[in-house]
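Hi,

Here is the structure I promised to pass on. Have a look at it first, and then read my notes below.

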Amino acid sequence: YGIRPTRMSGTDSKLFWVNASNLRVYRDSRESDFLKISYFLEQEKDEEFEKGSKTLVRTASPDTFIYDEGKDEQTRKYRLLHGIRKLKLRYYRKDKDQWSNSWDTESEDTRDLFPDIVELTIEVAAPRGLSFEGRYQIRPEVPIHGIPATL
């Protein structure tokens, strides 16, 4: 059994990572305990929402280690939020006290590291002239730079 490193890739408008949250139901299924998760924007198709707005989409696939997305037959797609005018992602690295508009665990500078904070800024136009905007900062649940030796 080989060990494959987990990975995360993000830009200012798309986020992809491997998550250890898959509940494998059938013993002989081609699944692992992991899920490939991605969030990205698609052009809005529903005429009820503002013209030119976008939809936030989440995909999940239990066939985690297929690198060729065209061959992954188990991907499920969920439309989460309609009417998005603006979405921006940023990634914070605590050891360098630095924000970045992209992140890749396979790049030389951030190899095998995950961001300490992911910041999401969003503006949404809802039907009937309603709208909202917000900034959200999400931290990982586990210390990314390792568990302190004192624990």
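A quick definition to begin with: helices (H or I, at least four residues) and strands (E, at least two) are DSSP runs, numbered from the N terminus. Keep in mind that this is a predicted model, where local features need pLDDT of at least 70 and side-chain atom pairs count only at pLDDT 80 or more, while totals for chains, interfaces and linings use all residues. Residues are numbered from 1 along each chain as its sequence is written, and side-chain values use heavy atoms, with hydrogens and water left out.

Let's start with Asp116, which sits in the loop between strand 7 and strand 8. Asp116 is buried (under 20% relative accessible area; exposed is over 50%, partly exposed in between, with a 1.4 Å probe and protein chains only). Even so, Asp116 has no salt bridge, meaning a side-chain nitrogen of Lys or Arg within 4 Å of a carboxyl oxygen of Asp or Glu. The nearest side chain of opposite charge is Arg93, 6.3 Å away; for charges, Lys and Arg count as positive and Asp and Glu as negative, with His and the chain ends not counted. What does the side chain of Asp116 reach? The backbone nitrogen of Lys94, at 2.7 Å.

Now for the salt bridges: the structure holds nine. In one of them, Arg93 pairs with Asp95, with the closest N and O atoms 2.8 Å apart. Arg93 is buried at 10% relative accessible area, whereas Asp95 is partly exposed at 48%. Another joins Lys96 to Asp109 (3.0 Å, N to O). Lys96 lies in the loop between strand 5 and strand 6 (98-100) and Asp109 in the loop between strand 7 (103-104) and strand 8, so this pair ties together parts that are 13 residues apart in sequence. Through shared partners, salt bridges join Arg93, Asp95, Lys96 and Asp109 into one network.

There is also a salt bridge between the side chains of Glu119 and Arg90 (2.9 Å, N to O). This one links distant parts of the chain, 29 residues apart: Glu119 is in strand 8 (residues 117-125) and Arg90 in strand 5 (residues 76-93). Buried or partly exposed? Glu119 is buried at 4%, and Arg90 is partly exposed at 26%.

Last, the nonpolar core, a set of buried Ala, Val, Leu, Ile, Met, Phe, Trp, Tyr and Cys residues joined through side-chain atoms within 4.5 Å. The largest one has 14 residues, and Met8, Ile84, Leu87, Leu89 and Tyr91 have the most contacts inside it. Strand 5 and strand 8 are the elements that give two or more residues to this core.

Cheers

Key. A polar contact is a pair of N or O atoms within 3.5 Å; within protein, one must be able to donate a hydrogen and the other to accept it, and residues adjacent in sequence count only if both atoms are side-chain atoms.
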